[in-house]
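You asked for a quick read of this one before you dig in yourself. Here are my notes, written for someone opening the file for the first time.

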Amino acid sequence: MFFMRHLIRFLPLISLLLLLIASTSYGSPGNRKTGRSSVFSLFNLKERSKFWSEAVIRSDFDDLETTTVEQSSVLNFTKAGNVANYLQILEVEHMYLPVPVNFIFIGFEGSGNQAFKLHAEEIERWFTKIDHIFEHTRIPQPEEVLSSFYRNRIYKSHQHHFPLVSHLNYNFSVHAIQTSEKVNSIFEHAIGVFSRKDDTNHTRHDGLWQVDVDMMDVLFTSLVEYLDLESAYNIFVMNPKRDARRGKYGYRRGLSESEINFLKEDKSLQDKILRSGSVTDNALAIWSAMDKVKRPLYKKHPMAKFSWTITEETEMIEWYDSCLNALNNVERLSEKKDVADIIQAKVVQLLNGKNEDMKLQWMKDLKSGDLSGVHAECLTDTWIGKDRWAFIDLSAGPFSWGPAVGGEGVRTELTLPNVEKTIGAVAEITEEEAEDHLQEAIQEKFAAFGDKDHQAIDILLAEIDIYELFAFKHCWGRRVKLSLCEELDERMHDLKTELESFEKDDSVESHKQKAVDALKRMENWNLFSDIAYEHSHNYTVARDTFLAHMGATLWGSMRHIISPSIADGAFHHYEKISFQLFFITQEKVQNIKSLPVDINAITGGLSSLLLPSQKPMFSQHMLPLSEDPALAMAFSVSRRASAVPMLLVNGTFRRNVRSYLDSSILQHQLQRLSDHGSLKGSHALSRSTLEVPIFWFIHGEPLLVDKHYQAKALSDMVIVVQSDSSSWESHLQCNGQSLLWNLRRPIKAALAAVSEHIAGLLPLHLVYSQAHETAIEDWLWSVGCSPFSVTSQGWHISQFLSDTIARSYMLTTLEESIQQVNSAIHRLLAERTSAQSFKAFQAHERHLVDKYNYVVNRWKRISSIAGELRFVDALRLLSSLEDASNGFVEYVNTTVASLHQIHCTKQRKVKVEFDLTTIPAFLVVFFVLWLVLKPRRPKAKIN
């Protein structure tokens, strides 16, 4: 007891002595080395890191299977600096999706317009300059898509769901195909057979002609199927020879304005068409029934940056004979028909054709006897087909369309390259005109000399300059050589001989030097011979200008119709889409069949927006404003009026007062009703079903949405307005005429708005520009019978649009996967390595690498399948990609958490070193302890 009491009293002194002794022998753990991690893309085009490189997918599992830990593994782990560097996993900057494209040239082998002939070297020289890698881009929500001058204004500071310039890039593989003369002859023949006068009252042939694009659709489809090109996007560039007896022509679906007026006035013709019923011997049926044969051009698309193929005459014989036979039959059927017969045959063709939009429109209007809502579609020289093809006809038109006033990127007569104004203008002067040009050049050149005397050498040099300039303009690039060029060639030889005489004679030194310089200049000249024309590198300025313009046009086709920009947002793939149709009327209607809407057309159009893997669901509701005060209040609060200034095509100024619904106010009011449950659908909380509320307002007076639209897509609903006006003059024009909208039938606008809501599709004239950091417009490809075309009234969903919808779902999932993986990799980059955490990390390494490899394998698989345009198969892999990405992120979090436990545990270790001072130190300590703790003698107690 006595001993313990003294020990406690002197414990601070003992601790102090121990600390003093040990202060010289404690070891320090040292400083950790920090490794720097540079972030590169696993998917870029650099030599060291390509997406398809095997280094991306780790497979070195042999080290993980061993039980002994080698010193070098620990050393590598600690030297890596962080876990991501050790695993060689880097953040993803870009992922590339292959896109196969065929550019098919018809009439460029010498048999087309101006006998223009393209060579393989020219095509490769110019079209390899086309950018073959495009970033996928998104367009943010516009502040007001149409301002007073009809321009786009985009929020730049808006918070975006994804980057406007995506991690995902399109890698285009361009395959140029030059068809044979037989193919061009079939297309020239088809244009002649399927064309008719635009004006029924015009008797001469030099007027405007319209070509039936529905009939041409069959021809393009048959050629694509014959060559087995369905697994790629096909852009046809046509240069057919013009018919000298006819005037300008263009392509149109349906009837012209003159034909529609003729039909409106002839009631007996309308009755005759209705009594015709289903006719099987019409031209379209005969034309479509031609033999279906196939001769594949290639087994698989040559997925290269650029490749070139020429179809041989022998390869096209079967297709040529089949088309020629069908065309002759159609031509015989069309002989000796008057205007009424032609109109009847065309309308019957529409009623029995495959275009559901035209069929429903014409059948309903003919039965009602009211054709006021039928308007002629625009004549165009470009078209987007139903399948994966589009065409440009350089011999048609030119035409114009777009905003009437104040727009940008409008289609003008100079938008497309013109063979006649470039190639034809410089290559087809006559012998007499060539002589006149030469005489003018001589007079202009020697007029500059004046009356002063000039040396002979100066006159020779001036003559050489004249001939050189003339040769470049009129001798190179001609199909038929001028005899004047041959004469000048002989004269050039004489000039060369005279210059050599100056060089040899003892003439003035300055004259001699001029002659030497001129001879050096002429040394490699061959200005007038045939070799100069045939040489592959000798291109005229006209040809280069034409090819550059053509390259820019084809670049635009890839940007606008193959890989267009989509709206900013996350658009996911759902197995089912439930369309909740709310028809809102002023007064109560007995049943839904009494509404002035075509339910079959609406449901059919909405169903066409879905992919084969999706199932549509419909529910219709009638909501009369007279019986729903809350809804009536929402409608009244959002209804506003605006004075809209308009400049018409003819230059007339007009001030329109428009009644419209403010979409923001209406959305807010409808959301409040939905929160109370009155407008909420039965699938609102389902994870496999997307519910799309469509509020269809039916109003008597003209009513729009946000001043300019018939329908508007919002974040959680779609708003459509329908009015009684059948001919509303819009802000758009084509070929000098205002485009009229039928406000009674807003199905086209509704489908465009719904497709934007579910998949982010936007009008084809809009595309995001990185240079402007906003959307820009190009109206060239606003064609075809799609909901986004302003030149047609149709609403058919082409394969281009269907692929864009599927690609939108796929890109959303890929973008989210990349963001998830990058965030996980960022955590691994921040997790430092140490020798203490190596054993704990080894327990997770194999599973971590496995999960990362599985994500990369999903990316690779989806990209490969999408490159074959099998989007339905690619969409089936999205759920497994989501699971793989989530699994990788979760396991990274688990791994990092386990390593944190080791880092947070303090590792203390006393390291005692024995030297000459150690033993004396211990002796001193023991002596002090003995003095303190030794027992003392008891003292006698004296009272």
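1. A word on the source before anything else. This is a predicted model, so please read every value below as computed from that prediction.

2. Let's begin with a sheet of three strands. It is open, its strands come in the order β6-β7-β9, and the pairing is mixed. The edges are β6 (195-197) and β9 (249-252), each of which pairs on one side only. If you look at how neighbouring strands sit against each other, they are turned by 35 degrees on average, with direction ignored.

3. Now zoom in on one pairing in that sheet. Strand β7, residues 209-212, runs parallel to β9, and four bridges join the two. For a landmark, find V211, which stands opposite Y251 in β9. Helix α8 (residues 213-226) packs on this sheet and touches both β7 and β9. The direction of α8 makes about 50 degrees with that of β7.

4. How do β17 and β18 run relative to each other, parallel or antiparallel? They are antiparallel, and nine bridges join β17 to β18, which spans residues 653-661. To find your place in this pairing, look for R639, which stands opposite L661 in β18.

5. On to the helix pairs. Two packed helices are described by the angle between their axes and the distance between the axes. Take α10 (residues 267-276) and α14 (residues 356-368): their axes come within 10 Å and cross at roughly 125 degrees. The two helices are therefore oblique to each other, and the crossing of α10 and α14 is left-handed. On the α10 side the contact uses Q270, I273 and L274, while α14 brings M363, L366 and K367. Sorted by class, that contact has four nonpolar residues, one polar and one charged.

6. Next come α16 (residues 431-447) and α17 (residues 456-474). Their axes also come within 10 Å, crossing at roughly 145 degrees, and the crossing is right-handed. The α16 residues in the contact include L438, A441, I442 and F446, and those of α17 include I459, A462, I466 and F470. H437 of α16 and H474 of α17 take part as well, as do K445 of α16 and D465 of α17. By class, the contact of α16 with α17 holds 10 nonpolar, two polar and two charged residues.

7. The crossing is left-handed. From α26, the contact takes M810, L814, S817, I818, V821, I825 and L828. From α27, it takes L848, Y852, V855, W859, I862 and A866. What is the class make-up of this contact? There are 12 nonpolar residues, one polar and no charged ones.

8. The structure holds one, joining C378 to C734 with an S to S distance of 2.1 Å. The pair links distant parts of the chain, 356 residues apart. C378 is in the loop between α14 and β11 (382-384), and C734 is in strand β23 (residues 728-734). The torsion about the S-S bond of C378 and C734 is about -95 degrees, so this disulfide is left-handed.

9. Finally, two backbone details. Most residues other than glycine have a negative phi, and most peptide bonds are trans. Against that background, the peptide bond from G397 to P398 is cis, with omega near 5 degrees. P398 lies in the loop between β12 (389-393) and β13 (401-403). D706, meanwhile, has a positive phi of about 50 degrees although it is not a glycine. You'll find D706 in the loop between β20 and β21 (711-713).

Note on methods
Residues are numbered from 1 along each chain as its sequence is written. This is a predicted model: local features need pLDDT of at least 70, side-chain atom pairs count only at pLDDT 80 or more; totals for chains, interfaces and linings use all residues. Side-chain values use heavy atoms; hydrogens and water are left out. Two strands pair if DSSP finds at least two bridges between them. Axes are lines fitted to C-alpha atoms, for helices over the stretch in contact, and angles run from 0 to 180 degrees between N-to-C directions. Contact means heavy atoms within 4.5 Å. Angles under 35 degrees count as roughly parallel, over 145 as roughly antiparallel, 65 to 115 as roughly perpendicular and the rest as oblique. A crossing is left-handed if the near helix is turned anticlockwise from the far one by less than a right angle, and right-handed if clockwise. Ala, Val, Leu, Ile, Met, Phe, Trp, Tyr, Cys and Pro count as nonpolar, Asp, Glu, Lys and Arg as charged, and the others, Gly among them, as polar. A disulfide is a pair of cysteine sulfur atoms within 2.5 Å.
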